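Hi everyone, thanks for coming.

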Amino acid sequence: MSATTRGLRLPLPVVLAGARGHGRWHLENIRRLQRAGLVRLVGVCELKPLVGEELVGFGAVEQSDDFAALLDTTGAAVAVVCTPIPTHTELALAAARRGVHVLLEKPPAPSYAEFRRMADGAAAAGTAVQIGFQSLGSHAIPAVRRLVADGAIGEVTGVGGAGVWVRDEAYFRRAPWAGRRRMDGVDVVDGVLTNPLAHAVATALALAGNAAADDVTGVETELFRAHAIESDDTSCVRVSTADGGRVTVAATLCGHTSEEPYVVVHGSEGRITFWYKQDRVQVRRGGTKSTGSPALYGRTDLLENLVEHLMGRAALLVPPAATGAFMRVVEAVRTAPDPVALPADAWRGAPGESADRRVVEGIDGLVAVAADTLCLYSELGVSWARRPGRDALDPHGDLHDEVNTS
């Protein structure tokens, strides 16, 4: 037990930084855990204070837009940080300097350097940081790993990930940093693979057994945008790993319809598909033959796990080290050339919808094929991704931006 956990007693006092937008989910989760006697909300850090029903059932809660001061005055033991991406490092370090442990929303930082600064600073202070990849709390993760270890699908040949979501123009106007790569000279990196569908990348790397930064030897990126934004909304990435593996993830916010994102582990004798938002797993052997109905698994909440960890009853599920490989992908996206604007004939407005939403023609199927074949868009014959020098399904031409991390 470290000095920063010695003497902690339940319920642990918690400060929530960022209680609107996605922060509302954290507020409700804290409410649930408060009823269970594990935590007690003592402070909310927001530019505009919460009012009325937003705080029903919490009792006295101090509010301030000064995060550090709020930690000092409330005596918080834990902080939940759900604020704009560029603020993550400084807020996590402000907590660490005060001996306050953190649940930090994903992505943990907008660059690998900022990630290292945050992780190293927290380690030096002796405080725990849990990164908010909720999918990594799924009990399906160890179950899939056991299936692979037991040879259920033979030798693993690669891991694919697919995410097809629908977002309209309002999504990119929800905050000043939304849809931005940089703002006021500061990295944001709010791309489809680094923020909204970041779980697909992190989960694929975890199932590949390559979650650490040193596991990554190279990252290939193909970044596109249909919307009039700065960041990417339709992209794919392929990660090369130190053990010779490949992890390819394709995603879009311009789908025809939203679909459940998934990760698929390919093997020489079958495949395992994990729909990570549903904690659902399907094993198939010998082509399309299924072993039975999909299995459903439970999930450990990451704030609850952090509390259990601080009480000495559980290992931390998603420490910074478990997201190092993901941050290598973020860094590759950050340093890649700006996303390519798709030609006007590659997308259309969504028919029959009042909202301004752009649909990339055929993208739903293309994302699935990329996850299935571990190919990038440029290797699949799509006209807007092809570049001179490579034929479709030829993975050897120089058609993408590659970062060698070794």
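Residues are numbered from 1 along each chain as its sequence is written, and side-chain values use heavy atoms, with hydrogens and water left out.

So, confidence. The predictor's confidence in each residue is called pLDDT, and it runs from 0 to 100. The mean for this chain is 94, with 93% of its residues at 70 or more. Residues 390-399 stay under 50. Where pLDDT is low, the predicted coordinates should not be read in detail.

Now the spaces. On a 1 Å grid over the protein atoms alone, a cavity is a set of points where a 1.4 Å probe fits but cannot get out; a pocket is an open set with protein on both sides within 12 Å along at least five of seven lines, and lining residues have an atom within 4 Å of a point. Grid points are joined across faces, edges and corners, and a volume is the space filled by probe spheres set on the points.

How much volume does the largest pocket have? About 1,200 Å³. Its lining has 36 residues, and R20, G21, H22, C82 and W177 lie nearest its centre. By class, the lining of the largest pocket has 16 nonpolar, 11 polar and 9 charged residues. Here Ala, Val, Leu, Ile, Met, Phe, Trp, Tyr, Cys and Pro count as nonpolar, Asp, Glu, Lys and Arg as charged, and the others, Gly among them, as polar.

The second largest pocket holds about 230 Å³. It is lined by 14 residues, with L136, I141, P142, R145 and L317 closest to its centre. Helix α5 (residues 140-149) gives the most to this lining, 3 residues. Helices (H or I, at least four residues) and strands (E, at least two) are DSSP runs, numbered from the N terminus.

There are also 2 cavities of 30 Å³ or more. The largest cavity has about 40 Å³, and its lining is 8 nonpolar and 1 polar, with no charged residues. Among the residues lining it are L136, A202 and F326. α6 gives the most to that lining, with 3 residues.

On to the backbone. Most residues other than glycine have a negative phi, and most peptide bonds are trans. Now look at the bond joining L10 and P11: it is cis, with omega about -5 degrees. The bond from K106 to P107 is cis too, with omega near -15 degrees.

Two aspartates have a positive phi: D184, near 55 degrees, and D279, at about 55 degrees. Which one is buried and which exposed? Buried means under 20% relative accessible area, exposed over 50%, and partly exposed in between (1.4 Å probe, protein chains only). D184 counts as exposed because its relative accessibility is 76%, whereas D279 counts as buried because its value is 9%.

D279 sits in the loop between β14 (270-275) and β15 (280-285). Its side chain makes a polar contact of 3.0 Å with that of R299. A polar contact is a pair of N or O atoms within 3.5 Å; within protein, one must be able to donate a hydrogen and the other to accept it, and residues adjacent in sequence count only if both atoms are side-chain atoms.

Terms used. This is a predicted model: local features need pLDDT of at least 70, side-chain atom pairs count only at pLDDT 80 or more; totals for chains, interfaces and linings use all residues. Contact means heavy atoms within 4.5 Å.
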